[in-house]
Amino acid sequence: MAEEIQVTAEGYRRLEETLQKERQRHEDALRSLADTLDDAMDLEDRNLQAAQFDLPGMEARILELEDVLTRAVIVEAAQDQPEQVALGSLVVLQDETHDREVQVQLVSAVEVDALAGGAAQVSEDSPVGKALLGRRVGESFEVELGSGPVQYTVRNIASS
């Protein structure tokens with residue numbers, strides 16, 4: 001049996017939207033390819049070549065999204081115990097190294113979206129995500145990042 005993938009409800013919704021967009025992009029590309037073939041007098045037409053090279057990537061992305069959604073299990077951050085960081089938790093961290101406060105949401109790797117609005121998303125399998133999982137308010141931890149070690153303190157935990 002395939003391994004389950006835990007995702008937040010919001011992440012699942014975004015993955016479904018992405019799949020729909022990718023399917024539409026694929027249909028549009030196929031339609032464009034058919035139009036180009038109908039109009040092409042020259043097999044070396046640049047549009048035809050571009051469309052051919054893009055289709056396998058689109059198809060692979062669609063298969064990947066379908067696989068993730070098939071194995072996805074929606075988890076909700078514990079409403080009754082928001083004192084411990086879990087998947088889906090919104091966390092306010094004090095970055096002691098850079099003397100600033102940051103708000104992050106702990107999510108699974110498949111649902112990280114750089115363009116998502118609101119709190120920055122941190123993957124549960126990233127260095128910060130691994131160190132953050134299970135932490136409580138007031139706990140401090142250090143993470144080795146590319147720029148060197150960074151010290152964080154958990155200031156607040158809320159459910160998404």
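Modeller: Salt bridges to begin with: I call it one when a side-chain nitrogen of Lys or Arg is within 4 Å of a carboxyl oxygen of Asp or Glu. By that rule, Glu 64 forms one with Arg 61, and their closest N and O atoms are 3.1 Å apart. Before we go on, this is a predicted model, where local features need pLDDT of at least 70 and side-chain atom pairs count only at pLDDT 80 or more, while totals for chains, interfaces and linings use all residues. Residues are numbered from 1 along each chain as its sequence is written, and side-chain values use heavy atoms, with hydrogens and water left out.

Biologist: Where do Glu 64 and Arg 61 lie?

Modeller: Both are in helix H2 (residues 46-71), three residues apart, about one turn of the helix. Helices (H or I, at least four residues) and strands (E, at least two) are DSSP runs here, numbered from the N terminus.

Biologist: How many salt bridges does the structure hold?

Modeller: Eleven. Glu 10, Arg 13, Arg 14 and Glu 17 are linked in a network of them. There is also Arg 100 with Asp 95, at 3.2 Å from N to O. Arg 100 is partly exposed at 44%, whereas Asp 95 is buried at 0%.

Biologist: And what does Arg 155 form a salt bridge with?

Modeller: With Glu 96, the closest N and O atoms being 3.4 Å apart. Arg 155 is in strand S7 and Glu 96 is in the loop between strand S3 (90-95) and strand S4 (100-107), so the pair ties together parts 59 residues apart in sequence.

Biologist: OK, switching to the sheet. What's the strand order?

Modeller: It's an open sheet of five strands, S5-S4-S3-S7-S6, with mixed pairing. Two strands pair if DSSP finds at least two bridges between them.

Biologist: Which strands stand at the edges?

Modeller: S5 (120-123) and S6 (140-145). Each has a single partner strand, so one side of each is left without a neighbour in the sheet.

Biologist: In what sense do S6 and S7 pair?

Modeller: Antiparallel, over six bridges, with S7 covering residues 148-158. For instance, Val 143 has Val 150 in S7 as its bridge partner.

Biologist: How many aromatic pairs?

Modeller: One. It's Phe 141 and Tyr 152, with ring centres 5.6 Å apart and planes at 35°, so the pair is tilted. The rule: rings of Phe, Tyr and Trp (its six-membered ring) pair if their centres lie within 6.5 Å; planes under 30 degrees apart count as stacked, over 60 as edge-to-face and the rest as tilted. Phe 141 is buried at 3%, and Tyr 152 is buried at 9%.

Biologist: Last one: which side chains does Thr 153 make polar contacts with?

Modeller: Glu 96 at 2.9 Å and Ser 140 at 2.7 Å. A polar contact is a pair of N or O atoms within 3.5 Å; within protein, one must be able to donate a hydrogen and the other to accept it, and residues adjacent in sequence count only if both atoms are side-chain atoms. Thr 153 lies in S7 and is buried at 6%.

Notes:
Buried means under 20% relative accessible area, exposed over 50%, partly exposed in between (1.4 Å probe, protein chains only).
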